[in-house]
Amino acid sequence: MRIDDDAAALALLERAGYYTLSGYSYPFRVPASGGSRADQFCPGTSISQVRALWEFDHRLRSATFAAIQHVETYLRALLAYSLGAVDPMIHRKRELLSIDQPGAYPRWLENLDRKIADSREEFIVHHREKRGGVVPIWVATDVLDWGSLSYLYSFAPLSVRGQVAQRFRLSPPQLKSWLRALNIVRNVCAHHGRFYNRYYSLTPKLPQGERDKSFEAIASAKGTTFAMLTLMQHLSSCTVGASMRVLPAVVRTFPSDSGVSPAVMGVPDRWDSYPLWQR
């Protein structure tokens, strides 16, 4: 690997860490048999190319996490109001719920109780100390992260699932699969994992028909990062106050001169001509 500035290279290693950077340098290694890579780098590889990928991934991860937070806040509010309209304590009344995975509900409730017991938020302390520990659903949802919210959605009565999914212009099974898939994305972003060329085994159920060609573009590559970003673009289009301009702007900054193609993200040709990406 060509290193033109030793001091800059050492500063990058100190900032990012060797093993973090090795993930970004891997695509530059000489291909070997069986789909693996040799220890040698392809001729002409420079550390500036590795840095460009690492910096792009940081931008993309930060923008995606910000988009997820907007959608997460909106989802939390929708679930809180819709479930609360059925019963303020619906989350503790199993007979009112429609639970797909019976074994998951006790674990979810135990996790919720732990979060409530450990929370120092004033609104939780108030309900613990002044209201006998009774925490209604519209309060309880505020201590839940994306993963716990996705489980709560899967436990919700079918009517509530339909109401919430309709706000996102999806069917309940579609929204459920999206929430599960994007929970992995959220965790990768929150824990600063390599994001741009990751593959996701939990694939989403996509809308059918001619409503949006954006979904046709990812139908054959539903486990790619670009597919996950497309889901976020759609959810953002349905979320009050969310921006659909940030992710397209960041994707356009992919360092094409790095020697790595945007195709490793699952980005199709003319990606920004599709409706969800025309920003």
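## Contact and the model

Two residues are in contact here when heavy atoms of theirs lie within 4.5 Å. The structure described below is a predicted model, and the contacts named in this report are to be read with that in mind.

## A residue in a loop: Asp87

Leaving aside its neighbours within four places in sequence, Asp87 is in contact with Lys93, Leu96 and Ile137. Asp87 itself belongs to the loop between α3 and α4, the latter helix covering residues 104–118.

## A residue in a helix: Arg61

Arg61 has its place in helix α3, and with a relative accessibility of 6% this arginine counts as buried. When neighbours within four places in sequence are set aside, the residues in contact with Arg61 are Tyr24, Val188, Cys189, His192, Gly193, Arg194 and Phe195.

## The largest pocket

The largest pocket has a volume of about 190 Å³, and its lining is made up of Met1, Ile3, Leu13, Tyr18, Leu21, Ser22, Ser25, Arg29, Phe41, Ile47 and Val50. Two or more residues of this lining come from each of the elements α2 (18–25) and α3 (47–86). Which element gives the most to the lining? That element is α2, with 4 residues.

## The chain as a whole

The secondary structure of the chain comes to 12 helices and 2 strands. Read from the N terminus, the order of elements is α-α-β-β-α-α-α-α-α-α-α-α-α-α, and along its principal axes the C-alpha trace spans about 65 × 45 × 35 Å. The chain has 279 residues, of which 48% count as buried. Among contacts between residues at least 6 apart in sequence, 68% join residues at least 24 apart.

As for the surface, the chain exposes about 14,100 Å², with carbon and sulfur atoms supplying 50% of that area. The side chains include 34 that are positive and 25 that are negative, and the centres of these two sets lie 5 Å apart.

Terms used
Residues are numbered from 1 along each chain as its sequence is written. This is a predicted model: local features need pLDDT of at least 70, side-chain atom pairs count only at pLDDT 80 or more; totals for chains, interfaces and linings use all residues. Side-chain values use heavy atoms; hydrogens and water are left out. Buried means under 20% relative accessible area, exposed over 50%, partly exposed in between (1.4 Å probe, protein chains only). Accessible areas come from the Shrake-Rupley method with a 1.4 Å probe; for residues, only the protein chains shown count as cover. Lys and Arg count as positive and Asp and Glu as negative; His and the chain ends are not counted. The place of a charge is taken as NZ of Lys, CZ of Arg, CG of Asp or CD of Glu. On a 1 Å grid over the protein atoms alone, a cavity is a set of points where a 1.4 Å probe fits but cannot get out, and a pocket is an open set with protein on both sides within 12 Å along at least five of seven lines; lining residues have an atom within 4 Å of a point. Grid points are joined across faces, edges and corners, and a volume is the space filled by probe spheres set on the points.
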